[in-house]
Amino acid sequence: MFDSLTDRLGGIFDRLKKRGALSEADVGEAMREVRRALIEADVALDVVRSFTDRVRTRAVGAEVIKSVTPGQMVVKIVNDELVAMLGSDAKPIDLDAAPPVPVLMVGLQGSGKTTSTAKIAKRLTERGNRKVLMASLDTRRPAAMEQLATLGQQVGVATLPIMAGQSAVQIARRAMEAARLGGYDVVMLDTAGRVTLDEALMAEVAEVKAATNPHEVLLVADSLTGQDAVNTAKAFDGRVGLTGIVLTRADGDGRGGAALSMRAVTGKPIKLLGTGEKMDALEDFDPRRVAGRILGM
Amino acid sequence: FTKRQLDASTIEEFEDVLIRADLGVENAAHIGEILRLGLFNRNISGEEVREAVAGEIEAILTPVARPLQFEAAGKPFVLLMVGVNGSGKTTTIGKLASTLKAQGKKVVLAAGDTFRAAATEQLKVWAERTGASLVARGPGADAAGVAYDGIEKARAEGADVLIVDTAGRLQNRAELMAELEKIVRVIKKQDPSAPHAVVLTLDATVGQNALAQVEAFQRVAGVTGLVMTKLDGTARGGILVAIAAKYRLPIHLIGVGEGIDDLQPFAARDFARAIVGLES
Ligand SMILES: Nc1nc2c(ncn2[C@@H]2O[C@H](COP(=O)(O)OP(=O)(O)OP(=O)(O)O)[C@@H](O)[C@H]2O)c(=O)[nH]1
Ligand SMILES: Nc1nc2c(ncn2[C@@H]2O[C@H](COP(=O)(O)OP(=O)(O)OP(=O)(O)O)[C@@H](O)[C@H]2O)c(=O)[nH]1
Ligand SMILES: [K+]
Ligand SMILES: [Mg+2]
Ligand SMILES: [Mg+2]
């Protein structure tokens with residue numbers, strides 16, 4: 001992820017750094033190139049626009065004009081703004097609440113919710129030393145519950161026994177009850193994928209949230225997503241109030257614009273990256289390191 | 001509608017609409033340029049510009065809008081379904097099996113995803129729903145071996161169509177693409193004319209990476225056509241326009257939901273109009 005964005009921006013910055021004095025036209029030209037590179041990296045258009053506006057305003061201002069190396073100054077401004085957009089500190093999953101702590105996983109169909117649920121449960125069990133229960137609230141997708149049960153066996157984490165005929169909300173309540181009785185620390189609630197236009201399903205997930213009061217509500221999103229990332233992030237955040245984002249398929253060669261877009265429109269941190277199909281392919285998201293990588297620094 | 005002279009800012013607004021639909025900067029600029037050349041300074045309403053943009057997109061898509069045809073010299077017709085993780089392969093197979101059954105065809109499904117948890121169980125549900133037969137080996141089995149079994153079984157049953165499901169894989173993962181190459185090789189060994197169709201599923205939410213997906217899956221597996229899934233969501237799937245312009249691969253079908261009937265022929269006009277927000 002991010003590799004080719006790094007290449008594109010790197011080229012633009014190299015040219016900038018070599019310049020002596022910078023005119024407003026030079027800055028404008030560089031910003032047009034940055035705009036193009038970001039759109040080609042799938043950063044949402046409105047996010048690109050406010051980003052380049054902020055950089056342009058600062059770049060034609062006094063701090064650059066007075067600088068002896070104006071090109072480098074502009075590069076620094078881009079860096080600062082990018083870090084600000086990504087958020088500066090890594091934000092791990094927060095379990096600081098009375099157990100059992102519910103964690104709700106939401107997202108579009110096929111984004112990686114079930115896989116990420118099991119990966120997170122494995123990590124909390126092994127590194128966090130927590131007793132975790134996983135439950136699938138997916139009553140729709142064929143074999144969705146079997147998928148989570150199989151993963152639970154693979155990673156050695158308990159899953160709520162499957163009971164036919166219950167609604168998502170009923171399963172969620174049963175999971176919380178079982179967790180209280182069983183002395184679990186964390187309950188991972190995996191939900192069915194849903195498109196945000198599906199009013200009935202959006203209402204269902206809101207009801208699950210109301211019934212369980214989750215401490216974390218994580219949007220699981222594909223890092224290969226294009227411009228739709230903003231619609232998805234806004235719609236889920238508006239409906240269930242996200243606490244963070246898990247970006248999957250970061251092992252792909254996508255340019256990662258969805259990461260920037262989703263963070264920018266929701267203000268919610270990207271907490272984790274999925275980096276493969278295997279159960280240990282999960283990494284913390286460190287915004288500062290990522291910003292550095294995007295800029296090749 | 002009030003007419004006014006088509007100016008630079010109106011054209012830019014339309015370019016933005018296209019970028020937001022994932023057509024990419026280059027294709028948006030290209031269509032903007034056509035508007036500039038053809039309509040600039042003409043008195044024209046916003047609605048007429050919208051129609052003109054839809055017309056340009058439709059012109060790009062029309063040559064690639066082609067149905068998926070299940071015709072081969074012998075039996076079975078072998079269809080291999082490929083694509084990145086979660087793009088809708090297995091579900092689309094279920095929907096296709098249902099369509100074929102309705103046409104009175106005998107269908108075998110091969111559970112070639114031996115990796116993902118419960119992938120076989122998922123396909124099995126679709127086989128039961130559609131009355132297709134299922135061929136499977138256990139988890140972790142050789143996927144190419146399952147495809148081999150599929151051909152044997154389809155021949156033995158005198159089936160018309162064999163559809164082979166595969167595990168999702170990102171196109172930059174060399175070891176997984178090599179596995180796919182092997183599946184194709186094993187199928188060819190059984191029947192040199194097969195696979196008769198290699199269909200790549202693309203998720204409507206995908207951005208510019210879809211171009212790389214098409215390129216790699218075509219090179220490794222010889223993709224013959226595309227299906228775009230999840231068009232019932234907010235994503236417009238405009239990357240198909242960029243793909244049509246660059247690769248000219250047939251686009252067969254669109255997925256518009258998770259249900260068995262949520263599969264429709266790809267219609268260039270409707271798709272183009274939806275991108276610019278016009279009713280079909
Ligand atoms: N390469 C890669 N594949 C992933 C990653 N995360 C999930 N996947 C794969 O993506 C596909 C879909 O994952 P699931 O976990 O089933 O997605 P989901 O969101 O639960 O899907 P639905 O429940 O159908 O909405 C599977 O093939 C997973 O193996 C990742 O980080 N990298
Ligand atoms: N809304 C909507 N969901 C779809 C559509 N097609 C598939 N899905 C859903 O997308 C998710 C993933 O679909 P699958 O068919 O499992 O995708 P896949 O490519 O086989 O996934 P892997 O085998 O894990 O790589 C499931 O929840 C499907 O129900 C569609 O057209 N619209
Ligand atoms: K996706
Ligand atoms: Mg799932
Ligand atoms: Mg599948």
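This passage describes the surroundings of two ligands in a predicted model. Residues are numbered from 1 along each chain as its sequence is written, chains are lettered from A and ligands numbered from 1 in the order in which they are written, and side-chain values use heavy atoms, with hydrogens and water left out. Local features need pLDDT of at least 70, side-chain atom pairs count only at pLDDT 80 or more, and totals for chains, interfaces and linings use all residues.

Ligand 1 is surrounded by 25 residues. A residue is taken as near a molecule or strand if one of its heavy atoms lies within 4 Å of it. Gly112(A), Lys113(A), Thr114(A), Thr115(A) and Arg141(A) are the closest. The surrounding residues come from chains A and B, so the site is shared between chains. Helix H6 of chain A (residues 113-126) supplies the largest share of the shell, 4 residues. Helices (H or I, at least four residues) and strands (E, at least two) are DSSP runs, numbered from the N terminus. The shell comprises 14 polar, 9 charged and 2 nonpolar residues. Here Ala, Val, Leu, Ile, Met, Phe, Trp, Tyr, Cys and Pro count as nonpolar, Asp, Glu, Lys and Arg as charged, and the others, Gly among them, as polar.

Accessible areas come from the Shrake-Rupley method with a 1.4 Å probe; for residues, only the protein chains shown count as cover.

Ligand 2 has 23 residues around it. Lys89(B), Thr90(B), Thr91(B), Asp232(B) and Glu258(B) come nearest. This site is also shared between chains, because residues from chains A and B surround ligand 2. Helix H4 of chain B (residues 89-102) gives the largest share of the shell, 4 residues. By class, 13 residues of the shell are polar, 8 charged and 2 nonpolar.

A nitrogen atom of ligand 2 is 2.8 Å from a side-chain N or O atom of Asp232(B). Backbone atoms face ligand oxygens at Ser87(B), at 3.1 Å, and at Gly168(B), at 3.4 Å. On its own, ligand 2 has 640 Å² of accessible area, and the protein covers 96% of this.

Methods: A polar contact is a pair of N or O atoms within 3.5 Å; within protein, one must be able to donate a hydrogen and the other to accept it, and residues adjacent in sequence count only if both atoms are side-chain atoms.
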